[in-house]
Amino acid sequence: MKSSVVIVLFSLFPLNGWTQSANEGVSELAIKGSFDNLTIQSYAGQAELKVEELFEYIQLLMDQSNSPELNQQLKINIEQLFMDNPALTGIDSKSVVYDPLQWLDGWQNENVAIQSLKLLGSELKSTYWIYNYQLTYSIEGKEKTKKMDVQISFQPQTKSFGKTQKKVWDLKIGNVFFR
């Protein structure tokens, strides 16, 4: 009897290890399969705050009284909000760049003054959210409104805490399109 229990237990361990490995691959592919609804809502709220943070930084960057050092630090902070090589359309909706700093230069060259950012809706995809906004801004005193889609990616990263490594999930801004 004892030997059959031991055999059954040992036969379950390899199966359990395979199941965990398979689930890790799935968790990196789909948000819905990895988290409960409450956790997903919490991350969605953080994603929305990430977009608001971006536009608060942009507003600060547009202040003409800033020192060059402050503007440089703001650009560093903004760049850290983005994933690598995002596709970003200019406020003119025509040009596309793949560098957040080049994108910011376009905002500064146009001297864009942000009036308001209003969330219109959001949609959860497999590994990211798409947030739809209405951006009201002015250029040379002329007020304009554009719709904007912002992708927020949700990706695992391995972080080191001393000798311990842990997988944590990180939100990064991806593509930004004006329409």
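This dialogue goes through a predicted model, from the whole chain down to single residues.

Student: How much of the protein chain counts as buried?

Tutor: Burial is judged residue by residue, with under 20% relative accessible area as the cut-off. Of the 179 residues here, 32% count as buried. The chain exposes about 11200 Å², and carbon and sulfur atoms supply 52% of that area.

Student: What do the contacts say about separation in sequence?

Tutor: Take the contacts between residues at least 6 apart in sequence; 52% of them join residues at least 24 apart. Leucine 171 is a case to look at: leucine 171 and tyrosine 43 are 128 residues apart in sequence, yet 8.2 Å apart in space, C-alpha to C-alpha.

Student: Where is leucine 171, and what does it touch?

Tutor: Leucine 171 sits in strand β6, residues 164-178. Leaving out residues up to four places away in sequence, its contacts are Tyr43, Gln46, Ala47, Lys50, Trp129, Ile152, Ser153 and Phe154. With a relative accessible area of 6%, leucine 171 is buried.

Student: How do I read the packing of helix α2 and helix α3?

Tutor: Use the angle between their directions and the distance between their axes. Helix α2 (residues 37-61) packs with helix α3 (residues 68-81) at an angle of about 160°, and the axes are 10 Å apart. Angles over 145 degrees count as roughly antiparallel, so α2 and α3 are roughly antiparallel to each other. Their crossing is left-handed.

Student: Which residues make that contact?

Tutor: From α2 come Lys50, Glu53, Leu54, Tyr57, Ile58, Leu60 and Leu61; from α3 come Asn71, Leu74, Lys75, Asn77, Ile78 and Leu81. Sorted by class, the contact has eight nonpolar, two polar and three charged residues.

Student: Take glutamate 53 from that list. Is glutamate 53 buried, partly exposed or exposed?

Tutor: The relative accessible area decides. Glutamate 53, in helix α2, has a value of 29% and is therefore partly exposed. Glutamate 53 and leucine 81 are 28 residues apart in sequence and 8.7 Å apart in space, C-alpha to C-alpha.

Student: And why does lysine 75 count as buried or exposed?

Tutor: Apply the cut-off again. Lysine 75 lies in helix α3 and counts as buried because its relative accessibility is 17%. Not counting residues up to four places away in sequence, lysine 75 touches Leu61, Leu101, Leu104, Asp105 and Gln108. Leu61 also belongs to the α2 side of the helix contact.

Student: Now the backbone. What is the phi of asparagine 85, and where does asparagine 85 lie?

Tutor: Asparagine 85 has phi near 55°, a positive value in a residue other than glycine. Asparagine 85 is in the loop between α3 and β1 (88-89). Its relative accessibility is 60%, so asparagine 85 counts as exposed.

Student: What is the phi of glutamate 140?

Tutor: Its phi is positive, about 55°, although glutamate 140 is not a glycine. Glutamate 140 lies in the loop between β4 (128-139) and β5 (142-161). At 75% relative accessibility, glutamate 140 counts as exposed.

Methods
Residues numbered from 1 in each chain as written. Predicted model: local features only at pLDDT ≥ 70, side-chain atom pairs only at ≥ 80, totals over all residues. Heavy atoms only, no water. Axes fitted to C-alpha atoms, helices over the stretch in contact; angles between N-to-C directions. Helix = DSSP H or I, 4+ residues; strand = E, 2+ residues; numbered from the N terminus. Parallel < 35°, antiparallel > 145°, perpendicular 65-115°, else oblique. Left-handed = near helix turned anticlockwise from the far one by under 90°. Contact = heavy atoms within 4.5 Å. Nonpolar A, V, L, I, M, F, W, Y, C, P; charged D, E, K, R; others polar. Buried < 20%, exposed > 50% of the residue type's maximum accessible area, 1.4 Å probe, protein only. Areas by Shrake-Rupley, 256 points an atom, 1.4 Å probe, with all protein chains shown as cover.
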